[in-house]
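Here is a short tour of a model, written to be read with the structure open beside it.

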Amino acid sequence: MATTEQKVDPSILGAIKADHKLKHVDTSEKNPLPSMEDVTQEKNHQQFLDGVSTFDKSTFHHAETKERVILPDTSILAEEKKRETHLQDINKFPRTGLKRTISQEKNVLPDVQTLAQEKTMHNISQFDKSGLKKAETVEKKVLPNSEDIGQEKKETELRKSIGEFSKDNLKHATTNEKNTLPPKDAIDEEKKQKEFENSIQRFPKGSLKKTDCKEKTCLPSKEDIEAEKSGAA
């Protein structure tokens, strides 16, 4: 059999063997930048912690705790008085006026369901077991159908292909982490919202004038009264 040799272009071989001046490149990892809202929240939290840690405790004034005894109101006093009077009446009650009584114990008869259950248990205890015939238990095996066999075959082939999969065919992939910045419209909208909130906080309340609200009662007109009368009729 004749062998065929693949010829390579000499220019390609020369380009491969030539001395290439490559430069060293450092890979820089990019961290996602926080949003404006996160920065503001972190700043406010840090200012709060600084204010708590640098707070001057000497500005506190000593305060004494006073215990107050809350007296009961008239309803509680009346209830307590009624209860005390009731207990006194019970203690002063003449027992000699009472008559001697004899307690009679009554037997509660069972209902129909209880009687039927007791009768069933009695019949079971007196049942003659010699009249029973011996029976043999036959265990039946249910064979799978064609659909189950096909499903099992597919699952077996899938597991076999996963176990025999060659990792050499995989290519190395580099994950690039991208930081998605908000669009210009969102930044402008957030900026306008922040300026609007700042303008509300800086608004001078002293320039406002005091107004008194008057509640007006609108009386029905003549046409409304006539329409109400005609509807009632």
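## A pair on one helix

Arg159 is exposed in this predicted model, with a relative accessibility of 59%. Its partner is Glu155: the two form a salt bridge whose closest N and O atoms are 2.7 Å apart. Glu155 is partly exposed, at 34% relative accessible area.

In general, side chains of opposite charge can pair when their charged atoms come close. Across the model, the count of salt bridges comes to one.

## Charge on the surface

Next, look for a negative surface patch, where Glu37, Asp38, Glu42 and Glu190 gather. Helix H2 (residues 36-53) gives the patch its largest share, three residues. Asp38 lies in helix H2 and is partly exposed, with 40% relative accessibility.

Over the protein chain there are 42 positive and 43 negative side chains, and the centres of these two sets lie 3 Å apart.

## The chain as a whole

Seven helices and zero strands make up the count for the protein chain, giving the pattern α-α-α-α-α-α-α along the sequence. The chain is more spread out than a compact globule, because its radius of gyration is 49 Å, well over the 17 Å that the globule rule gives for 233 residues. Along the principal axes, its C-alpha atoms fill a box of roughly 135 × 110 × 75 Å.

Buried residues account for 0% of the 233 residues. The protein chain exposes about 26700 Å², with carbon and sulfur atoms supplying 55% of that area.

Conventions. Residues numbered from 1 in each chain as written. Predicted model: local features only at pLDDT ≥ 70, side-chain atom pairs only at ≥ 80, totals over all residues. Heavy atoms only, no water. Salt bridge = Lys/Arg side-chain N within 4 Å of Asp/Glu carboxyl O. Buried < 20%, exposed > 50% of the residue type's maximum accessible area, 1.4 Å probe, protein only. Patch = residues over 30% accessible without salt bridge, like charges linked within 9 Å, V, L, I, M, F, W, Y side chains within 5 Å. Areas by Shrake-Rupley, 256 points an atom, 1.4 Å probe, with all protein chains shown as cover. Lys, Arg positive; Asp, Glu negative; His and termini not counted. Charge placed at Lys NZ, Arg CZ, Asp CG, Glu CD. Helix = DSSP H or I, 4+ residues; strand = E, 2+ residues; numbered from the N terminus. Rg over C-alpha atoms; globule rule 2.2 N^0.38 Å.
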